[in-house]
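Please read the following points with the model open beside them.

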Amino acid sequence: MKTPVYFLSHGGPNIMYDSEHPAYKELGRIGREITGKVKPRAVVVFSAHWQAGRDTVQVNTAEITDLIYDFYGFPSHYYKEKFPNVGSREVSTKVLDALKQAGIKAEGVKRGLDHGVWVSFKCAFEPESNPLNVPIVQVSLFNSEDPMQHYRLGEAVSKLREENILIIVSGMAVHNLRDLRFTFGDPRPMPYAASFDEALKDAVTKDPAERAQAMADLLKRGDARQAHPSFEHLLPIHIGAGAAGEDQGKRLWTLPEGSMSWAQYRFGGLDNSSSSL
C-alpha cells in the first residue's frame, strides 16, 4: 500500500489570484483528488526554491514557522497572504533517517515554506473550500544540477509512501524568466516550450526501468537551456520520479504558455497500490 507522487508546476505568486487561469483550476482539481482520494496523513514536499549544499540536504524540523515571501516587485498585499500549515517532528525525523540510511548527508533546520510550496498549495488546497489539514514537511534540493543525484534523493525517501505519507515535488515543466519580456500578453508558446514539454512527457512516461536515464538525458537536449536556463525548476521531477520506484508516470495536464509550461504529473495510481495507470 503506497501513496502516489505528484509533480506540480507552481508558477509565480500571481497565479493564486488568477482563478480563471486553466492552471489555477487544474491545481484545484489535483488538490481535490489528493484530499478526496489519496487522503494522506502528512505531506513531504520538495521545492525548486530551496537548494542546500552540493552534497547536503536540509529538512525543515520546525512545527510552526512563517511563510517565506521569496519574490520581488509585487503589490504589497502579496506579502500579507497566509496559508495555514504545521510541520511534524515525527515526519521530519523519518525523512532524516531515510536520507542517512541511503548515505545522503542531511541536517535539520528551522525554515518556513517558500512560495514554490505555499502558492501552489493555496491553489490546490484552498483553505476554506478544500483544506489540507495534515502536517507539511519541506525538504531541500541539492545545490547542484546533477539529475541522478536528485533521482537518488527521491529513491531515498520513497519508502515513506508506504506509511501514507504523500510526496509532492514542485517546480515548472518549462521555466524561462528571461524570455518573459518577449511573451508578455501573448500565450503562444515559444518553440522550445512546446518541444521540451513533449520531451519531458516522453521521459517521465517511459517504462520505469528506462526512466532514470531518459530523464538524465533531458538535460543534454539542445533546447534544455532555453527551457531551463538553470535546472532547479526541472530537478524536482527527477526527485519525484526516483520516489516513484516501479510506478508509472502520467502527465495529468499541460499548458505550454509563452516561455513556460504548466504540465502536472502523477506517478502511481489512486488506489493506494503500485499498480500502473
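**Notes on the predicted model**

1. Asn-133 sits in the loop that connects α3 with β5, where helices (H or I, at least four residues) and strands (E, at least two) are DSSP runs, numbered from the N terminus. Its phi is positive, at about 60 degrees, although Asn-133 is not a glycine. With a relative accessibility of 69%, Asn-133 counts as exposed; here buried means under 20% relative accessible area, exposed over 50%, and partly exposed in between (1.4 Å probe, protein chains only).

2. On the basis of these notes: this is a predicted model, in which local features need pLDDT of at least 70 and side-chain atom pairs count only at pLDDT 80 or more, while totals for chains, interfaces and linings use all residues. Residues are numbered from 1 along each chain as its sequence is written, and side-chain values use heavy atoms, with hydrogens and water left out.

3. Asn-164 also has a positive phi of about 60 degrees without being a glycine, and its place is the loop between α4 (147-157) and β6. At 27% relative accessibility, Asn-164 counts as partly exposed.

4. In soluble globular proteins, nonpolar side chains tend to be buried together.

5. Val-95, not counting residues up to four places away in sequence, touches Val-44, Val-59, Val-139, Val-157 and Leu-160, a contact being heavy atoms within 4.5 Å. Ala-98 lies in helix α2 (residues 89-101) and is buried, with a relative accessible area of 3%. With residues up to four places away in sequence again left out, Ala-98 touches Ala-156 and Lys-159.

6. Which elements cover the buried residues of α3? They include β1 (5-9), α1 (22-38), β2 (42-51), β5 (136-141) and β6 (165-171). Because 10 of the 10 residues of helix α3 (residues 115-124) are buried, the helix is largely enclosed by the rest of the structure. The buried residues of α3 include His-115, Trp-118, Ser-120 and Lys-122. At its N-terminal end, α3 is capped by Asp-114, a side-chain oxygen of which lies 2.9 Å from the backbone nitrogen of Gly-116.

7. Helix α9 (residues 235-244) is mostly covered, with 10 of its 10 residues buried.

8. Ser-259 is placed in the loop between β9 (256-257) and β10 (260-261), and is buried, with a relative accessible area of 0%. Its side chain reaches the backbone oxygen of Asn-176 at 2.7 Å. Leaving aside neighbours within four places in sequence, Ser-259 is in contact with residues including Val-174, His-175, Asp-179 and Tyr-192.

9. His-175 lies in strand β7 (residues 174-175) and counts as buried at 12% relative accessibility. Residues up to four places away in sequence not being counted, His-175 touches Ala-227, His-228, Pro-229, Glu-232, His-233, Ser-259 and Met-260.

10. The largest pocket holds about 810 Å³ of space. A pocket is, on a 1 Å grid over the protein atoms alone, an open set of points where a 1.4 Å probe fits, with protein on both sides within 12 Å along at least five of seven lines, and lining residues have an atom within 4 Å of a point. Of the 34 residues that line it, the closest to its centre are Gly-12, Asn-14, Leu-177, Leu-180 and Met-260.

11. Ala-209 is found in helix α7 (residues 208-218) and, at 69% relative accessibility, counts as exposed. The C-alpha atoms of Ala-209 and Glu-198, which are 11 residues apart along the chain, are separated by 20 Å.

Technical notes
Points joined across faces, edges and corners; volume = space filled by probe spheres on them. Polar contact = N/O pair within 3.5 Å; in protein donor to acceptor, adjacent residues only side chain to side chain.
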